[in-house]
Every structure is written in structure tokens, then in C-alpha cells.
Amino acid sequence: MHRPDPHSYYDAAQPKARRLRLKLAVDFKAKRIEGEVVLEFGKAFSGPLDLDTKGLEIRTVQVPGHGPIAWELGEADAILGQRLRLDVPPDSQEVVITYRTGAEAMALQWLEPEQTEGKVAPYLFSQCQQIHARTMVPCQDTPIARIAYQAEVTVPEGLTAVMSAGPTGDEPLGDGTHVYRFSMPQPIPSYLLALAVGRLESRELSARARVWAEPETVASAAWEFAGVEDMILKAEALFGAYPWDRYDMLVLPPSFPYGGMENPRMTFLTPTLLAGDRSLVDVVAHELAHSWTGNLVTNASMEHFWLNEGFTVWAERRILRTLHGDDAAALGWAMGQKALEDSLARFKKEPHLTVLRMHLEGIDPDDAFSSIPYEKGARLVAALEQEVGEDRFLRFIRDYMDAFRFTSITTEQFCAFAEAKLPGALEAVNARAYLDQPGLPDTAPAFRSAQLDGLTKLADSWVAGGRPSAQQIAGWKAAELQVYLQKLPRQLTLADCAWLDEHFQLMGRGNHEILVEWLTLAAAADYEPAFPRIREVLLRVGRMKYLRPLYGALGGSPRTRALARAIFAAASPGYHGLSRRVVQSVLEAYSA
Ligand code: BES
Ligand code: ZN
């Protein structure tokens, strides 16, 4: 027995499924999916087969031509769930499992109509990364076992289903339901399985890109992301032909717990990106970049998550630089630096979670999640780029994608490849310090620009009375204001808050990065005029990136702590399970 992924019961001595055929019936009343999955192995085998499940009710397990076979569910582990061991008879090519999802399936959020924009129909979406696919489908839930898939999804008539796959047809079944068919011919890691069902409409953005959203938001979504084809072209010029045919996007309801999720052929996005001024499209650049870094070349397990996210942050800023220039990229790196410092502070007592090559046996990957694999990882990639020069590094990146396309790899495999192609470079940048040592090496690249230096200097002068001029205030773009706010002292006075509020009109901002940065400062200052807006945002938005700092900042005084607890009590039923967990941990850390 050899279990290469600490977060999966997958046994490398057993065969890998090559393809899944799924039939999913979405039952909004019961808040369950009735499922049938056929795991195709592409060759005959027999013996034990271990799959991952969590909360699933297994009904039947069969081998075609043979009938029911023996199976057994192991003990429930709080992180991994339950091993499903099948006893596969000789000469089997595939197994068929029928099952039902559990009431607490972490991959799924079932929304009431009131939680959607239109407020007339329910909504379902999945989020399988990191290890939640096993709450939706019994499978080898590890990125090492890549799978193609096809699916038939039955939903109530009037609702539309989309998946991380190409649509291959749909029809009414005449019984009040409608079936949608999909095919993902390329092998993907299980965490990229994705499904959403709701009242959806789409708008074409280019010959290969469209955006899906509820009818109420689809026009503003189409406007916000109108530039996506230009982004795809820029990304292709850097990283080679787009490998997934179409690049479609889905704008979800506001409880979606992430900014974006790189589900292939159907990026999932938070509606908080709809700022009204296209100022948050860097998240699209990030998810698009995952089409190469992450989806094409994938981390072999969550211990190597930096291979996904570090490369993608670097790629995202590379795209941003080609689109908007050096100053914009420098601001991106500055925002990243802030996120990195916050995460390093959060994990002060857990330095083992600040290395890139992680050891996660017994650790829930959602608990290990932070900006560190993103930003420390991106800094290692950038250090390598600076070491060997941009042109050579870009050639290396293209070679790397060619060599490992549609495979899942470890940090060691990356290092061996880098050493072969760029001899000495890893050592020259002291890669070991990034990979295996906590914190950020002193030698990490710093990204500066005159514009960034100006913002830093101005923010640093706040306590001494330095304030931006009316001209500056009028001229700043969203990213500049965001960086300026991030660089202000964390503890402001009530007068400081009133000044900022008045001069920047912060309360009504559509850009949630700015809005939440401001509300976080206001919360920490116990600035009462901001309380209604804080309540509104926390009741509506489930994006964890915003919940953590905002609830965190409310921990500073008895009055704001009481506010936070009252808001959470009201908001919690509408939060995604992941978001609820994060807020609970923040509230538990409050002093009494
Ligand atoms: N793949 C991640 C989201 C994710 C990470 C989901 C870990 C589950 C577990 C996605 O690509 C991402 O990084 N999203 C960021 C966007 C940002 C870095 C531009 C987010 O959600 O904020
Ligand atoms: Zn990412």
C-alpha cells in the first residue's frame, strides 16, 4: 500500500480511474443530489479499490455483467471522511455506484431564493477545492488521479445547469425536469469538478468566451468582463495556445466563499468583482492564468499548493503588466505584500504553515490556507525570473508546461526540472529558504515604482498630519487608493475616520477591496457611522477574504465585539460552511 496524498485514501498500488460518467439529479426540496457514478478504468483489474467519500449515503455498488459487489465504509475521519473500499471481481473494467449526497456536503451550497439576486428561484453551486469533491461524488479525490468526465444533470424545468465542462445538449424530460449534458474530455484533478444550477442567462464576450449570471446581473457582468478576450490573447502570447477550448465565466450569488475558482471552461466568480469600473478584473487574470498553471500543470497534493498558486500569482501579474504597465504590476505586488504580511502574522505560532513545501498529514488543508503559497510562492518564481532574465525564464516556463501538461507534480519534480533547464538558478536564489524555511527570505525580490513610493511616503506621514491633496484624491485610480488605505496605520482615531470618509466618499464604494479595507479600518476604530454598512456587507457577502479581516477588526472593543456577534448570528445561516467555520474561529479568538 502506498498513499501518496495525505488528504486521500487513494492507494497508488491500485489502478486509477480514467473517466467518470455521472448522472446527477438535483433535488432542491431535499437539498440533496441523487447520484450515479461510473468509474471507468480503461483496462481490466480486480482486487481492493479505495475511494474517498464524506457524508455520502452509498446505495449500491455494481460491476456491469457481474452484478452487485461487496463494499465497506471505513471509520469517519474528521478531515478525510470515510474510505469506501470495493472488492472488485476479476476482469472488471468499470464500477457503478449509486448514492446520495449528505445534508452537510461541504462542496455544496444550497441557496434559498432570497439569497439570490432575482429572489424567485433556488440556486446550487459547488466548490470542490481543496478536498470537497468527495462530498459530491465518491472518487479518488486526489489531484494525482486525473479524470476526464461526462455528466447528465437533471434539474427543475426553468433552471439551467453549468459545469466545468463543455455542454453537449439539453432537453426537457416532460415531467417538470430538464436534463443538461456535459463532457470534459481532458483529464482534470477531482477538485476541478464543478456544478452550478440556477436561473441563469449568458452573454457572448467573444468567439470563445461568454459570461453567465442571473438575468438581473448579466448585463453588468458582461460590461465588467468585456475585456476578457484581450486577456486571453495576452496570456496566450506569454504561455502558449489556450488549452481548454472555451473560457466561460459564471458570476455567482454573493455567498460564494472565494473571489474566483478556476473551474476549467467555467471560471466561478464572486459578484463582488462587479465594481462598475472594471477595477477588479485582476481576479479574472488570475483564474485565467490557472488554465496553464494549476489546471494544465497541477499540484500533486495540497502539500505542493504553491505550485498552483505561486505560479498563478506570478502569471497574473505578468498579464497585468502587459495589459496595464509596470506601475499597475507594482501595485499588485504591493497588495500581495500586505496579504503576505497579514498571513505571516496570523501563523506566527504555526511557522510550519509558512513554508512552501508543506507537511500536512493530519492537517485540514482549509486550515492551512493563507496568502503564503500565493505570495511567497510568486516571489520565488519572480526571483528565478530575475536570476536568469525574463526571456530565458519565459522559455523555461513554456518548456515546463510542455513537459508536464495534463500531469500533477510535486515540488521535487519541479526542482529537478528547473535544475536541468536552469542549472544553478535554484541555489542562486536560495530556493531552499522559500521551500523549507518559515517566513520570507530577506533576499526576496522587492517591487518598487515611483508611484508606489509616493503612496507609501504619504501614508507614512499620516500620523504627522500628512494628507493627500484634493488633486491626488481626484486623480487616484482604485488600485492606488486601495494601496494607500492598506498602508495607513491600523489604529485610526474617530477624527481620522471622519476625514477619510468625507474626502474619499468611502461608504458608497462599489469596489469591495476599497470598501472592505475602509470598513476594516472603521471597525478597528469603533467608528459608529460605519456600523450599518458593515452590517450590510457582512449579511450579504460570504467571501472569506473579506469576512476574516472585517470580523477580526470588530474584535477590538466590547461594542464592536457585540456588533460582530449579533451580525454573525443573523448572517451565519446564509454563509457557506467554509465561511461559517472561518468566522467562528475568528470570534473564538476574541477576548471575552
Ligand atoms: N483556487 C483558488 C481558490 C481556492 C483556493 C479555493 C483554495 C479553494 C481552496 C483561486 O484561484 C484563487 O486563488 N482565488 C483568489 C483570487 C485572487 C488570488 C486573485 C480569491 O478567491 O481571492
Ligand atoms: Zn488561484
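Predicted model: local features only at pLDDT ≥ 70, side-chain atom pairs only at ≥ 80, totals over all residues.
**Entry 1**

I started with Lys31, which is partly exposed because its relative accessible area is 31% (buried means under 20%, exposed over 50%, partly exposed in between, with a 1.4 Å probe and protein chains only). Lys31 lies in the loop between strand E1 (19-27) and strand E2 (32-53) (helices are DSSP runs of H or I with at least four residues, strands are runs of E with at least two, and both are numbered from the N terminus). Its phi is positive, about 55 degrees, although Lys31 is not a glycine.

Residues are numbered from 1 along each chain as its sequence is written, chains are lettered from A and ligands numbered from 1 in the order in which they are written, and side-chain values use heavy atoms, without hydrogens and water.

Next I looked up Asp91, which also is not a glycine and has a positive phi of about 65 degrees. Asp91 sits in strand E6 (residues 82-100) and is exposed, because its relative accessibility is 66%.

**Entry 2: a cis peptide and a hairpin**

I found a cis peptide bond between Gln129 and Gln130, with omega about -5 degrees. Gln130 belongs to the loop between strand E8 (123-126) and strand E9 (147-156).

Then I followed strand E11 (residues 166-172) to strand E12 (residues 177-188): they pair in the antiparallel sense over six bridges (two strands pair if DSSP finds at least two bridges between them). Pro167 has Phe182 in E12 as its bridge partner. Four residues lie between the strands of this hairpin, and Gly174 takes a positive phi near 80 degrees there.

**Entry 3: the five-stranded sheet**

I traced an open sheet of five strands in the order E14-E15-E16-E18-E17, with mixed pairing. Strand E14 (201-206) and strand E17 (260-261) are at the edges with a single partner strand each, so one side of each has no neighbour in the sheet.

Strand E15 (residues 209-213) pairs with strand E16 (residues 248-251) in the parallel sense over two bridges. Here Val211 has Met249 as its bridge partner in E16, and Trp212 stands opposite Leu250. E16 and E18 pair in the parallel sense too, over four bridges, and Val251 has Leu269 in E18 as its bridge partner.

Which residues cover the two faces of E16? I noted Asp248 and Leu250 on one side and Met249 and Val251 on the other, all of them buried. A handy reminder: in a regular strand the side chains alternate between the two faces of the sheet.

**Entry 4: the cores**

The largest nonpolar core has 151 residues, and Phe225, Phe239 and Phe414 have the most contacts inside it (such a core is a set of buried Ala, Val, Leu, Ile, Met, Phe, Trp, Tyr and Cys residues joined through side-chain atoms within 4.5 Å). Helix H7 (residues 372-388) gives the most to this core, with nine residues. A second, separate core has 54 residues, including Leu452 and Met507.

Not counting residues up to four places away in sequence, I see Phe225 touching, among others, Met249, Val251 and Leu269 (contact means heavy atoms within 4.5 Å).

**Entry 5: Thr270**

Is Thr270 buried or exposed? Thr270 is buried, because its relative accessibility is 0%. I placed Thr270 in the loop between strand E18 (266-269) and helix H3 (282-289). Its side chain makes a polar contact of 2.9 Å with the side chain of Thr272 (a pair of N or O atoms within 3.5 Å; within protein, one must be able to donate a hydrogen and the other to accept it, and residues adjacent in sequence count only if both atoms are side-chain atoms). Leaving aside neighbours within four places in sequence, Thr270 is in contact with Phe256, Tyr258, Gly259 and Arg543.

**Entry 6: the zinc ion**

I finished at the zinc ion (ligand 2), coordinated by His286 (NE2), His290 (NE2) and two OE entries for Glu309, at 2.0 to 2.7 Å (donors are N, O and S atoms within 2.8 Å of the metal, or 3.2 Å for Na, K and Ca; water is not among the atoms, so sites may look incomplete). The donors follow the spacing H-x3-H-x18-E along the chain. Both His286 and His290 are buried.
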